[in-house]
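Hello,

Here is the structure we talked about.

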Protein chains: 2
Amino acid sequence: MPTYKAPLRDMKFLLNEVFDYPGHYQGLASGANATPDIVDAILTECGRFCEEVLSPLYQSGDEEGCRLDNGEVTTPAGYKAAYEQYAQGGWQGLSAPEEFGGQGLPASMGLLKQEMMGTANWSFSMYPGLSLGAMNTIFLHGSDDQKDTYLTPLTEGRWGGTMCLTEPQCGTDLGQVKTRAEPQADGSYRLTGTKIFISSGDHDLTENIVHIVLARLPDAPKGTRGISLFIVPKFLPGADGGIGERNGVSCGSLEKKMGIKASATCVMNFDDATGFLIGPENQGLECMFTFMNTARIGTAIQGVGPAELSYQWALDYARERRSMRALSGKKEPDQVADALIHHADVRRMLLTQKAIAEGGRAMLYYAARLADHMVEGYTEGDDKKAARYDDKLGFLTPILKGFLTEMGCEAANLGMQVFGGHGYIREHGMEQIVRDTRIATLYEGTTGIQALDLLGRKVLLMTQGGAVREFTLNVANFARKQLTDKRLRPMALELLKLTGQWNWLTVRIMLAARKDRDLVSSAAHDFLMYSGYVTMAYIWLRQSAVAVDKLDNGGADAEAFYQAKLATAEFYYERLLPRAQSHATSMLSPTASVMQLADEHMAFTG
Amino acid sequence: MPTYKAPLRDMKFLLNEVFDYPGHYQGLASGANATPDIVDAILTECGRFCEEVLSPLYQSGDEEGCRLDNGEVTTPAGYKAAYEQYAQGGWQGLSAPEEFGGQGLPASMGLLKQEMMGTANWSFSMYPGLSLGAMNTIFLHGSDDQKDTYLTPLTEGRWGGTMCLTEPQCGTDLGQVKTRAEPQADGSYRLTGTKIFISSGDHDLTENIVHIVLARLPDAPKGTRGISLFIVPKFLPGADGGIGERNGVSCGSLEKKMGIKASATCVMNFDDATGFLIGPENQGLECMFTFMNTARIGTAIQGVGPAELSYQWALDYARERRSMRALSGKKEPDQVADALIHHADVRRMLLTQKAIAEGGRAMLYYAARLADHMVEGYTEGDDKKAARYDDKLGFLTPILKGFLTEMGCEAANLGMQVFGGHGYIREHGMEQIVRDTRIATLYEGTTGIQALDLLGRKVLLMTQGGAVREFTLNVANFARKQLTDKRLRPMALELLKLTGQWNWLTVRIMLAARKDRDLVSSAAHDFLMYSGYVTMAYIWLRQSAVAVDKLDNGGADAEAFYQAKLATAEFYYERLLPRAQSHATSMLSPTASVMQLADEHMAFTG
């Protein structure tokens, strides 16, 4: 059975050599304890847990799936024990405030943990992941009493959490939410309604589950401005931090899904369930979305993790499996055939995976620094600072979530392709990675929604192109500095050209969209993918610049690592980045190409 | 539960209006009975069978899968009854010679049938599909005695067939085949070995199964020149065309797969099984591959069918599901939100599916005319004619198989994407289409193998670029004729430019590959995809030219159909064809970009 190896060398390269996390942490209040030694120890320990405990449950969890019996969900064999180890290790509170039992480390440490856990076993990682969403919401919007009641057991991992948004009639369009909340004399509410697609909605990992629920008050305005947010625990809080009475919320059924089968996706029924208003009335959507950027970046990890996992397994297979001879002559003359890795086309697939996994990881770590500052702003009550970094992050979020999850699916499919027909067979795990990853472009806002968020909101509406101008200014400044080195010059030149083109495309669309609003939607997908390819190109140049510096000044023992970085960057620029140009062409094509065909003439039968 | 609607209007457009099948059939001996009325009646009847009998078994077959009990495979509920209807309807013999009980119609009629069956229920269609492979092999290479024994029950569908090539250690690289065949005194052989991935290896649909098996004689040379072909029936033929003694071949286990779960994928064990040599000793691979072009085009259908099915279901959903408002203003003001189909980005996805489904279908029908001539050559014993058309087909085969199956996966994934999170849930069937389709880029030669076959063999080795020159000459001549019409001119100009570029790219690679053989492999994938996009552009211009002609001269009642054709063609040229340019750039990038990184430095741990 294939297993996961934590890519600690690459992670440390990004943290210590490319993005100067040691310096970054020194500047954060929460970073005081995140010394290089501590970070190193945490990464090593987390890696071990993921390799030894979570990875072995990856395939068995998929085979077995979750079960619903008498209204209670049971997770696959081994999940409960693994979760206990996780909770007892204090992992859930890694980046949580110390006053509620957390370790108070920077938010980015949580992302590193999530990346490793999600790569080893995405389904497992969703249980603590959803809890984190609930924790963030209560931390930011809860009353002191609510924080006292819920945050400690959630931080300790004794309780789990969920986010209950989607209903049968609406997912993206939350203005259609129908779940009702009736105020009670004691200040609580009674919630009635049905929520679907609730990850971790019920399970046997924790003694209680805290649902964060969108619902409507009786007199609420229609649409998105009439939605409030509620805490609805599975068991009402009891004395001494324990649990009390069972609440009127239950799992009605489990969805049968393509993948992430070890993650319980529940239909949740609220029948006069007791709930507690969190945040102001009718401002539930705003509250829910405060941490949307971090939640979406959390999902962007699902583009990177599977690319890494699928690459690791495909690389092993390509080294072992022998078929045919390399076109440039026998590479293993003593063997019956050459290993797959000697075939240029197989290398093309492997290097695509590698470029996506390592490039995507670097994009995440680049963004995570901003997330640390944003969270610090919130923690310090400095709303301006929080908003400033939230805006910076807000530009990157749809690129990371939209682009990286699409690329993750490509990488997973390529890993399967390296295995040939064996990739289609369950025992190798490759097809499971494809199935598990496929959800990533759908939940937390589909790729189409990310694209509209990027182009329609972040670029055009909110900044009139300013977001692109600001970002590309930094990119271009960096690129210009690399022009003097002949190894970096071709990449830097290409990147400079692209920063100009990106602004030009933005202006072209902005002008055209004034006359034709549909253009924003018709161009959005190509704009998103273009933005992703250029951002990844920037991040590969960042890595390459460090590699060149180390090759010139570092010890010979590490030379191979940096050469590999340069080679992967060159591959990315020569083989993947050219796709940006086809997106540039497509996004400028007239709206008519998608709008002119009448709905009723989209298909003819008979 | 969603169902399939046979796209007869589009099929007839291609057959009667674009590719003049009525005229084509008049020129074929086997076409005498394929009058327009007969063809029409067959399409209608086949469509009905697929809609009413096969489509309802699509999802249930996936849920249930196949079972292996006591060495016997049972297909899902309803499959046996459906197969009986299929056999009794005479469908298996549609294009088979009349002397063995077939209807003697042209080979292309079989392809039309396969397309509809494969779209409604790909797994089901594999059982008769594999039988057809066995029939073709025996028809072409069997002795008169072998034909007499096997062809009639196979044609009647009473017996099934398989192709047993792959072994655990080899799939693509069949020179590594180990299964042994020991000659016996009576002229038969005893076969011993294990074959894997044998589709339809065992099942309960037919009273007997005829395995066509690759194996080695005791004194055979090593590698591909030492492989012979054998007929190994599950039951030895008995008296009066019935079955006799059970043979030593059995299903050892069923593979657990990502999809096509209703198709039994078997490990087949041969234990001193009685077999009969077919074709000359040690020329088994050549014999096996005689019909490889048609088998691979049969698999190319799996790119088109799922695109069609996924499009049909996604279109229905996009018309019904309401979410948000169109950017250009409310389209359904009385509703809570606008239907998905009003959003430009959703239309982009739907039109991509449509362009792939209809463009892919047209590519298949274009190639099927060549297949008819090739088969006629074989039937008439005119080897030269057969070889001439086999060569023409041989250039198109890897393009169709490689490009269309990749595009089919994209289309299936887009259909799922239109459903948002609901696409990930099994009940809607969208994720099943993705899982089922995914095998298409793997079996019958992976996309990488198709790419090497196209660039390495068909274009460079066999014709020194002549295959591209010859094909593009026709394309360019056609495009030039369309320059005078202002609706066609932009497409025709673009296509003309591409025919020039295709030749230029071919020459560039040919020259560079003389010094660097790895370039053929490193460029092959991009060359294949480029070739696919240009070929599909040609085929969309062909359809557009007919549409323009009909719009100018046809009745008003059909106007919408032809307008839709033109709109879809324009979408293809503006939105999908630009991708050809990124492939053109990538294929010319230096081999070093994939070869320079040492194998041992592809990953670093710790």
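**Between the chains**

The count between chain B and chain A is 6 salt bridges. One of them pairs the side chains of Lys256(B) and Glu63(A), at 3.3 Å from N to O. Keep in mind that this is a predicted model.

Polar contacts across the interface of chain B and chain A come to 54 residue pairs, both residues at pLDDT 80 or more. Helix α18 (residues 559-576) of chain B gives the largest share of the side that touches chain A, with 9 residues.

In total, 101 residues of chain B are in contact with 101 residues of chain A. Together the two chains bury about 8,900 Å². Carbon and sulfur atoms carry 57% of that area. Which three residues of chain B supply more of its buried area than any other three? They are Tyr424(B), Arg575(B) and Met602(B), with 10% of what chain B buries against chain A.

**How the copies relate**

The same surface serves both copies, as 100% of the contact residues of chain B recur in chain A.

**Helix α1 of chain A**

Among the buried ones are Leu8(A), Met11(A), Phe13(A), Leu14(A), Leu15(A) and Val18(A). Asp10(A) and Lys12(A) are buried too. The cover over these residues includes α2 (21-26), α3 (36-54), α6 (107-120), α11 (344-379), α17 (518-553) and α18 (559-576) of chain A. After α1(A) comes Asp20(A), with a positive phi near 45°.

**Salt bridges within the chains**

Over all chains, the structure holds 78 salt bridges. Asp10(A) pairs with Lys565(A), and their closest N and O atoms are 2.6 Å apart. This pair links distant parts of the chain. Asp10(A) sits in helix α1 and Lys565(A) in helix α18 of chain A, 555 residues apart. Both residues are buried.

In chain B, Lys234(B) forms a salt bridge with Asp202(B), with 2.7 Å between the closest N and O atoms. Lys234(B) is in the loop between β7 (228-233) and β8 (235-237), and Asp202(B) is in the loop between β5 (189-199) and β6 (208-215), so the bridge ties together parts 32 residues apart in sequence. Lys234(B) counts as buried at 7% relative accessibility. Asp202(B) is buried as well, with a relative accessible area of 3%.

The side chains of Glu431(B) and Arg435(B) also meet in a salt bridge, 2.7 Å from N to O. They are 4 residues apart in helix α13 (residues 430-437) of chain B, so about one helical turn separates them.

Some salt bridges share partners. One network joins Asp10(A), Glu115(A), Glu308(A), Lys354(A), Glu358(A), Arg361(A) and Lys565(A).

**From the record**

An unreviewed UniProt entry annotates residues 282-453 of chain A as "domain: Acyl-CoA dehydrogenase/oxidase C-terminal". In the model, that stretch is 70% helix and 0% strand. Its end C-alpha atoms are 23 Å apart.

Best wishes

Terms used. Residues numbered from 1 in each chain as written. Chains lettered and ligands numbered in written order. Heavy atoms only, no water. UniProt positions renumbered as here; feature names shortened; annotations may be inferred. Helix = DSSP H or I, 4+ residues; strand = E, 2+ residues; numbered from the N terminus. Buried < 20%, exposed > 50% of the residue type's maximum accessible area, 1.4 Å probe, protein only. Contact = heavy atoms within 4.5 Å. Buried area = accessible area lost by both parts, 1.4 Å probe. Salt bridge = Lys/Arg side-chain N within 4 Å of Asp/Glu carboxyl O. Polar contact = N/O pair within 3.5 Å; in protein donor to acceptor, adjacent residues only side chain to side chain.
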